Amino acid sequence: MENMKIILKDIPDLHKIEVYESNGGYSALEKALKKMTPDEVINEVKTSNLRGRGGACFYTGLKWTFMPKETPKPKYLCCNGDESEPGSFKDREIFEKNPHQFIEGTLLACYAMGIKAAYVYIRGEYYKWINLLQNAIDDAYKKGYIGKNILGSEFSTDIYIHRGAGAYICGEESALMNSVEGKRGYPRVKPPFPAAYGLWGNPTTINNIETLSNIPEIIKNGGQWFSKIGEPKHPGTLLFGVSGHVNKPGVYELETGTPLMTIINDYCGGVTDGKEIKMVIPGGSSMPPLTKEEALTIKMDDASLKAIGSAIGTAGVMVMNEEADIVKVLLRISKFYYHESCGQCTPCREGTGWMMRVLKRIDEGKGRMSDLDLLIEVAQNIEGNTICALGDAAAWPVKWTIKKFRKEFEAKIPEVEEKSVPLNKVHSLRYS
Ligand SMILES: Cc1cc2nc3c(=O)[nH]c(=O)nc-3n(C[C@H](O)[C@H](O)[C@H](O)COP(=O)(O)O)c2cc1C
C-alpha cells in the first residue's frame, strides 16, 4: 500500500513558516479567500467525507453546517488538543512537525463558518508543544495570515491558546468549553448542542487538531481527491500512535484501512522479542480490545472495527504481547478512569471506583468468580447513563476485556467454593 502522507510530510524543517510557505503552505487559505465563498469551502469539506479524528468519527462538513449563518452573536471555534487519553499522542506530533498546516486549517474553518476567534485547548503539562505552537502562531500573525484583514481580505480572525490544568475530562467538548470560560471542567447536558449554545452561550464548533490539519490539503486538491484516499466510508490518512510491545513505537501516518499487522510489522518493526500478540487496544484506552485472532486480520478504519465490536477512537494503538498481565492492564486503565471521573454523574463517580476495587481484589488473588459478572453488570449500568461519554470510556474496557479475556481473570481467582453473596453484601464491596 502506498504510504500517503497528508499531514506529517517528510519535509525537513516543515515547522518553520518559510519552509511551509515554500511547500505550498497558506496557498489554500489564499485560494479560499480570493476564489471561494464560505459555503464553497464547507461544500468541499462535505465532499471530502472527512470524519473527526477526536474519537467519535463524526462528519466534519456536516458539523460545520450546524453553525447558524445569520446570527448577531459571535461564533467560536474550539480546537481540541487536550489529548489526555492513555495511548493517544498524535496531535502533539502535529504541533511539533507541521503546526502551520493546523493553523491554516483553523483559519479555513473560521472563514467557512464566519468565526472571528479560535481557542486552541492544550493540556497545561504539554509545555513544549504549547511553546512550539505559540511560536508558529506568532510567525503567522507577523506574516498577516492571522489577525485583521487577512491577506488583504475582509476576513479577520484571532487564534488563542488556552492551557488546560491537566484533566482528561476537559477533552470532552462541553467540559472544554466550561474550562475555557474559567469554570470547573464539568460536561454540560446536551441538548442544547454547541452549535446552538457553546462558548459563553454562543454558537461554537469543536474540532480535533488532526481533523483541522486535513483541511488545507482538501481545499488545495478538492474534496473528491480526499474522498478517494483509503477506505471510502472513512477516507484519508490516520496518525496511528503506536505504543506498547513493539520495537519501534511512534506516530505513523497511514491510509485508513491499513491492516493492523502491516502497521505493527512493517512500520513498528514487529512485536518485541519476536513474541506473539495477546491483546491490542486499537484506538486509545477506552476502546474495546482486540484478541490476537482479531488483530491478525483487522483493517484499521471505522467500519471494520465497528463490525467486530470495537472502534477506531483516536487511532492510539496499544500492543500487548503474550506475557502481558491482562488483569493488571485493566486495573491500570480502570484506575485512570476512576481518577479522571469528574464526579458529576452517580453511575460514573461510584461505578469507576467500584470496578477498580473489584479488579484490585482479583489482581491480589482475593477475587471470586461472581466478581466477573458483577464487573460486567456495573459496567453496563454506567454505559449510556451519564452526561458525557467518559462513563462509556470507563465501562467499555472493563466489559469487553472480561468478555474477551475471561480466562485471564479466572486464572487469578482462587478455587474456593463460592457461597452466594447477598445483594447487600455485594454493594458493601464498594467500600472494601
Ligand atoms: C472524556 C472525553 C475526552 C475527550 N478528549 C478529547 C481530546 O483530548 N481531543 C479530542 O479531539 N476529542 C476528545 N474528545 C471528543 C470531543 O468531545 C469531541 O467529540 C471532539 O473534539 C470533536 O472533534 P472532531 O469532530 O474533529 O473529532 C473527548 C471525549 C470525551 C468523552
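View 1. A cavity here is a set of points, on a 1 Å grid over the protein atoms alone, where a 1.4 Å probe fits but cannot get out. Grid points are joined across faces, edges and corners, and a volume is the space filled by probe spheres set on the points. The model is predicted, with local features needing pLDDT of at least 70 and side-chain atom pairs counting only at pLDDT 80 or more, while totals for chains, interfaces and linings use all residues. Residues are numbered from 1 along each chain as its sequence is written, and side-chain values use heavy atoms, with hydrogens and water left out.

**View 2. The largest cavity and its lining.** The space in the largest cavity is about 80 Å³. Its lining is made up of 14 residues, where lining residues have an atom within 4 Å of a point. Nearest the centre of this cavity lie Cys-342, Cys-345, Cys-348, Cys-388 and Leu-390. By class, the lining holds eight nonpolar, five polar and one charged residues. In this scheme Ala, Val, Leu, Ile, Met, Phe, Trp, Tyr, Cys and Pro count as nonpolar, Asp, Glu, Lys and Arg as charged, and the others, Gly among them, as polar.

View 3. About 50 Å³ of space is found in the second largest cavity. Its lining consists of Gly-52, Arg-53, Cys-57, Glu-210, His-234, Leu-238, Ile-312, Gly-313, Thr-314 and Ala-315. Four of these residues are nonpolar, four polar and two charged. The cavity lies between domain 1 (17-227) and domain 2 (232-321), because both give residues to its lining.

**View 4. Domain layout.** The protein chain is divided into domain 1 (17-227), domain 2 (232-321) and domain 3 (331-431), with bounds from an automatic or database domain assignment. The centres of domain 2 and domain 3, taken over C-alpha atoms, are 26 Å apart. Across this pair, 12 residues of domain 2 are in contact (heavy atoms within 4.5 Å) with 10 residues of domain 3.

View 5. Arg-51 sits in the loop between helix 3 (38-48) and helix 4 (60-65). Helices (H or I, at least four residues) and strands (E, at least two) are DSSP runs, numbered from the N terminus. With 9% relative accessibility, Arg-51 counts as buried; buried means under 20% relative accessible area, exposed over 50%, and partly exposed in between (1.4 Å probe, protein chains only). A polar atom of the Arg-51 side chain lies 2.9 Å from the backbone oxygen of Cys-57. The Arg-51 side chain also reaches the backbone oxygen of Lys-233, at 2.6 Å. Leaving aside neighbours within four places in sequence, the contacts of Arg-51 include Phe-58, Tyr-59, His-234 and Asp-302.

**View 6. Asn-207 in strand 4.** Asn-207 belongs to strand 4 (residues 204-208) and, at 4% relative accessibility, is buried. The side chains of Asn-207 and Trp-64 are joined by a polar contact of 2.8 Å. A polar contact is a pair of N or O atoms within 3.5 Å; within protein, one must be able to donate a hydrogen and the other to accept it, and residues adjacent in sequence count only if both atoms are side-chain atoms. Beyond four places in sequence, Asn-207 is in contact with residues including Thr-60, Lys-63, Leu-77 and Leu-212.

**View 7. Leu-77 in strand 1.** Leu-77 is placed in strand 1 (residues 76-81) and is buried, with a relative accessible area of 0%. Not counting residues up to four places away in sequence, Leu-77 touches Thr-106, Ala-109, Cys-110, Met-113, Ile-115, Ala-117, Ala-118, Tyr-119, Thr-205, Asn-207 and Leu-212.

View 8. The peptide bond from Lys-190 to Pro-191 is cis, with omega near -5 degrees, and the bond from Pro-191 to Pro-192 is cis, with omega near 5 degrees. Asp-13, in the segment before helix 1 (17-22), has a positive phi near 60 degrees without being a glycine, and is partly exposed at 39% relative accessibility. Asn-149, in the loop between helix 7 (127-142) and strand 3 (158-164), is not a glycine but has a positive phi of about 45 degrees. At 40% relative accessibility, Asn-149 counts as partly exposed.

Conventions:
1 Å grid on protein atoms, 1.4 Å probe; cavity = no way out; pocket = protein on both sides within 12 Å on 5 of 7 lines; lining within 4 Å.
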